[in-house]
Amino acid sequence: MIVQINHDQCTGCGTCEIVCSLKHYGVINPRKARIKVLQNPVEGYFYPLVAGPYTDAACSYKNKIILHGREYDKCSFCNASCPDRPFFKEPDTGIPLKCDLCGDPPDPMCVKFCVRDALVLVDSEEPDNGEEEIAEPFKPVF
Ligand code: SF4
Ligand code: SF4
Ligand code: SF4
């Protein structure tokens with residue numbers, strides 16, 4: 001199962017970050033969340049990213065990505081815990097953070113509390129409507 005992201009529905013409210021840190025640490029601290037809502041306040045869009053696998057080196061992927069007329073940098077659709085990333089590391093210890101779907105069986109708090117349905121738990125590893133999914137280190141879907 002995966003958390004599928006419908007980023008056009010995201011308002012940037014940050015609830016997903018809050019409930020994720022509450023679930024795993026018992027505190028409200030988005031820096032301890034396994035989900036990060038990237039924001040571009042100028043263009044007014046929000047893009048939730050769920051923490052994926054750990055990598056101990058940054059990759060060499062350097063291209064810009066154009067999607068729906070917007071330009072994204074090389075890391076925008078990558079969910080890795082990577083040395084190039086300031087987030088997806090536990091702030092006190094530096095331990096990489098990875099989404100655990102909130103347990104086994106999956107019970108994702110972020111999905112449960114996202115009132116916009118920007119996050120949806122789906123069975124398939126393939127996106128069912130062309131939106132991005134979060135299982136691989138770098139796997140944009142256009
Ligand atoms: S809770 Fe939903 S709408 Fe709010 S920031 Fe997270 S993904 Fe976006
Ligand atoms: S965050 Fe992802 S895309 Fe960016 S350097 Fe690291 S592994 Fe590469
Ligand atoms: S599924 Fe759970 S661990 Fe993963 S980002 Fe959502 S709240 Fe955090």
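The mean pLDDT of the chain is 83, and 84% of the residues score at least 70. Residues 130–142 fall below 50, although this stretch still has 36 contacts in the model beyond near neighbours in sequence. Where pLDDT is low, the predicted coordinates should not be read in detail.

Now place the helix. The chain holds two helices and six strands. Their order along the sequence is β-α-β-β-β-β-α-β. Helix 1 spans residues 15–25. After helix 1 comes Gly26, with a positive phi near 70°.

Which residues of helix 1 are buried? They are Cys16, Glu17, Val19, Cys20 and Ser21. An α-helix has 3.6 residues a turn, so residues three or four places apart point the same way. The list includes Glu17, which is buried along with Cys16 and Cys20. Across the chain, buried residues make up 30% of the 142 residues.

What do these buried residues pack against? Their partners are strand 2, strand 3, helix 2 and strand 6. Strand 2 covers 35–40, strand 3 covers 45–50, helix 2 covers 109–113, and strand 6 covers 119–122. Over the chain, 62% of the contacts between residues at least 6 apart in sequence join residues at least 24 apart.

Next, the core. The largest nonpolar core has 24 residues. Cys16 and Cys20 are among the members that touch the most others, together with Val3, Ile35, Cys110 and Leu119. Strand 1 (2–5), helix 1, strand 2, strand 3 and helix 2 each give two or more residues to this core. In soluble globular proteins, nonpolar side chains tend to be buried together.

Start with ligand 1. There are 14 residues around ligand 1, and Cys10, Cys13, Cys16, Cys114 and Ala118 come nearest. Helix 1 and strand 3 each supply at least two residues of that shell. By class, the shell of ligand 1 has nine nonpolar, four polar and one charged residues.

Ligand 3 is surrounded by 14 residues. The closest are Cys20, Cys99, Cys102, Pro108 and Cys110. Helix 1 and helix 2 each supply at least two residues here. The largest share, three residues, comes from helix 1. This shell has eleven nonpolar, no polar and three charged residues.

Most residues other than glycine have a negative phi, and most peptide bonds are trans. Cys102 has a positive phi, near 60°. Cys102 sits in the loop between strand 5 and helix 2. Cys102 counts as buried because 20 other C-beta atoms lie within 10 Å. The loop between strand 5 (70–72) and helix 2 also holds Pro105. The peptide bond from Asp104 to Pro105 is cis, with omega near 5°.

Asp117 also has a positive phi, near 55°. Asp117 belongs to the loop between helix 2 and strand 6. Is Asp117 buried or exposed? Asp117 counts as exposed, because Asp117 has 10 C-beta neighbours inside 10 Å.

Note on methods
Residues are numbered from 1 along each chain as its sequence is written. Chains are lettered from A and ligands numbered from 1 in the order in which they are written. This is a predicted model: local features need pLDDT of at least 70, side-chain atom pairs count only at pLDDT 80 or more; totals for chains, interfaces and linings use all residues. A residue is near a molecule or strand if its C-beta atom, placed from the backbone, lies within 6 Å of it. Helices (H or I, at least four residues) and strands (E, at least two) are DSSP runs, numbered from the N terminus. Ala, Val, Leu, Ile, Met, Phe, Trp, Tyr, Cys and Pro count as nonpolar, Asp, Glu, Lys and Arg as charged, and the others, Gly among them, as polar. A residue is buried if 20 or more other C-beta atoms lie within 10 Å of its own, exposed if 12 or fewer, and partly exposed in between; C-beta atoms are placed from the backbone. Two residues are in contact if their C-beta atoms, placed from the backbone, lie within 7 Å. pLDDT is the predictor's confidence in each residue, from 0 to 100. A nonpolar core is a set of buried Ala, Val, Leu, Ile, Met, Phe, Trp, Tyr and Cys residues joined through C-beta atoms within 7 Å.
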